[in-house]
Amino acid sequence: GAGPEGQCGRGSSQSGRGLVQGRGLPPPPPMAGTILLSPGPGWSCRAVLGEGHQRTVRRVAWSPCGSYLASASFDATTCIWKKQEDGFECVTTLEGHENEVKSVAWAPSGTLLATCSRDKSVWVWEVDEEEEYECVSVLNSHTQDVKHVVWHPNQELLASASYDDTVKLYHEEEDDWVCCATLEGHESTVWSVAFDRSGERLASCSDDKTVRVWRRYKPGNEEGVACSGTDPTWKCVCNLSGYHTRTIYDVAWCHLTGALATACGDDAIRVFEESASSDPRQPTFGLAAHNSPRRAVTLHCSASVLRTSVEAEPSRKKRPRVSFSKHMSLMARAVFPVSFLE
Amino acid sequence: GPGGGAALENANPLIYRRSGERPVTAREEDDELPDSIDDREIFDLIRSINDPEHPLTLEELNVVEQVRVKVNDAESTVAVEFTPTIPHCSMATLIGLSIKVKLIRSLPERFKLDVHITPGTHASEHAVNKQLADKERVAAALENSHLLEVVNQCLSARS
């Protein structure tokens, strides 16, 4: 029968060089907690990192420079792997979370890392030139399990998504990391968030079957949106509802085309594009349709990523199907994470 | 079971009669025709799950009933409502988890499962339902060998 096992966490390299899959299969050992580097068409498996974790590997992330890989695990640790000539070596293990680590993300600067956990906290880590990692903040703002963390594309601003139905934002204020915004509106667990290329907008996806787009309003903004002190306010400017029939586990915002892609528990991947006449204050998004070459580029980009990630999943019974429906929502088996290769 | 020598929460549960065996139809006997999965088949899978506290099945305690099972084979969905015996039953999550695991292990992968508490019958139904609906929480919980053992005991056939 179907199983909660076999979930796939993946991350894509910033430079498109390496595709990594974290696999969480249940015992028997030694397969539990294994990290595989990149099986798939035109790709060869370069390494199997089987010694780092004792439980499901939930997410993996390449550092911006491409030399390091971080892996977040249900065993409550995050391993940092360094690329060597003949493979990868675990250079350090970040400990401290009380239970399952759900996500890890590198800031664009490469000197900061964030992790989050079912223990409700978000941790910020700093790494120096000697590859020493230090926890610089433990943020206890969420009241429940934190599912995902992601960094702003060009500022040291961190976003987190939680089982408490909110998105929170954090930045450093006078040497201390603080929660500077809480985005409320979703009616159930928020599973993931993604910033657009500019970082002025954020998309969130939820168990409530909606995707919401939030826009940042700085103090003194011309729309007259109130701000508290010097902190910007984030307002929900779009609610995509009625498209998904089950939990939406992941959302990705393409920094090249502006398209949004979602991974849903109804086995479909959907691509949304902003309408040409969209007003930034009330943007409208629609499902991508057949007829434009621009869409073909978007879908090709998604399809090659997704086909690789779907086929890479170890086949328990049948091989997963990837096909195009007439609404161009890609059908894939139990889609979990999705991301665009840049 | 859990609690050792402590008093049972619900020491005198109501016990319900088991329904009989299902009659086999001619269509079902024909190997050429595909069997679609119906409410009764799902009920047959879950009715004999043991209650964690009492030496009785979920059917005997009326925790599960066929009328509270909804299957849509064409859409690959199964929804099961279960009724804890008392509104503050601390075993509700465990019972829901046992039902979920039994269905996961028995049904084809294509099925999407929704297991939740019969509305109005438990003090923490929203919190319990939310946990049962979170596949990551369910998966992580089942990696706990002690919890898995308790679930397996609920799912084992009684002699």
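**Reading sheets, cores and helices**

Tutor: Strand E15 (residues 167-173) and E16 of chain A are paired in the antiparallel sense, with seven bridges between them. Two strands pair if DSSP finds at least two bridges between them; the helices (H or I, at least four residues) and strands (E, at least two) are DSSP runs numbered from the N terminus. This is a predicted model, in which local features need pLDDT of at least 70 and side-chain atom pairs count only at pLDDT 80 or more, while totals for chains, interfaces and linings use all residues. Residues are numbered from 1 along each chain as its sequence is written, chains are lettered from A and ligands numbered from 1 in the order in which they are written, and side-chain values use heavy atoms, with hydrogens and water left out.

Student: Which residue of E16(A) is the bridge partner of A:Glu172?

Tutor: The partner of A:Glu172 in E16(A) is A:Trp177. In a regular strand the side chains alternate between the two faces of the sheet.

Student: What is the strand order of the open sheet that holds this pair?

Tutor: The order is E13-E14-E15-E16 in chain A, four strands with antiparallel pairing. Strand E13 (146-151) and strand E16 (176-183) of chain A are the edges, each pairing on one side only. From one strand to the next the twist averages 25 degrees, where axes are lines fitted to C-alpha atoms, for helices over the stretch in contact, and angles run from 0 to 180 degrees between N-to-C directions.

Student: Where do A:Asp165 and A:Asp175 lie, and is each buried or exposed?

Tutor: A:Asp165 lies in the loop between strand E14 (157-162) and E15 of chain A, and its phi is near 75 degrees, a positive value in a residue other than glycine. A:Asp165 is buried, at a relative accessible area of 18%; buried means under 20%, exposed over 50%, and partly exposed in between (1.4 Å probe, protein chains only). A:Asp175 is in the loop between E15 and E16 of chain A. Phi of A:Asp175 is near 70 degrees, again positive in a residue other than glycine, but A:Asp175 is exposed, with a relative accessible area of 69%.

Student: Which other open sheet of four strands can be read in this way?

Tutor: Chain A also has the order E5-E6-E7-E8, with antiparallel pairing. The edge strands there are E5 (57-62) and E8 (87-94), each of which pairs on one side only. Strand E7 (residues 78-84) and E8 of chain A are joined by seven bridges in the antiparallel sense, and A:Cys79 has A:Thr93 in E8(A) as its bridge partner.

Student: How does one read a hairpin, and how many residues separate E21(A) from E22(A)?

Tutor: One notes the paired strands and the turn. E21(A) and strand E22 (residues 260-264) of chain A pair in the antiparallel sense over five bridges, with A:Val251 opposite A:Thr262. Six residues lie between the two strands of this hairpin, and A:Gly258 in the turn has a positive phi of about 80 degrees. Strand E21 (residues 248-253) of chain A is largely enclosed by the rest of the structure, because six of its six residues are buried.

Student: Which residues have the most contacts inside the largest nonpolar core?

Tutor: In soluble globular proteins, nonpolar side chains tend to be buried together. A nonpolar core is a set of buried Ala, Val, Leu, Ile, Met, Phe, Trp, Tyr and Cys residues joined through side-chain atoms within 4.5 Å. The largest has 38 residues, and those with the most contacts inside it are B:Ile42, B:Val78, B:Phe82, B:Ile99 and B:Leu103. Its largest share, eight residues, comes from H3(B).

Student: How is H3(B) placed relative to H6(B)?

Tutor: Two packed helices are described by the angle between their axes and the distance between the axes. The axes of H3(B) and H6(B) come within 9 Å and cross at roughly 75 degrees. The two helices are therefore roughly perpendicular; angles under 35 degrees count as roughly parallel, over 145 as roughly antiparallel, 65 to 115 as roughly perpendicular and the rest as oblique. Eleven of the 15 residues of H3(B) are buried.
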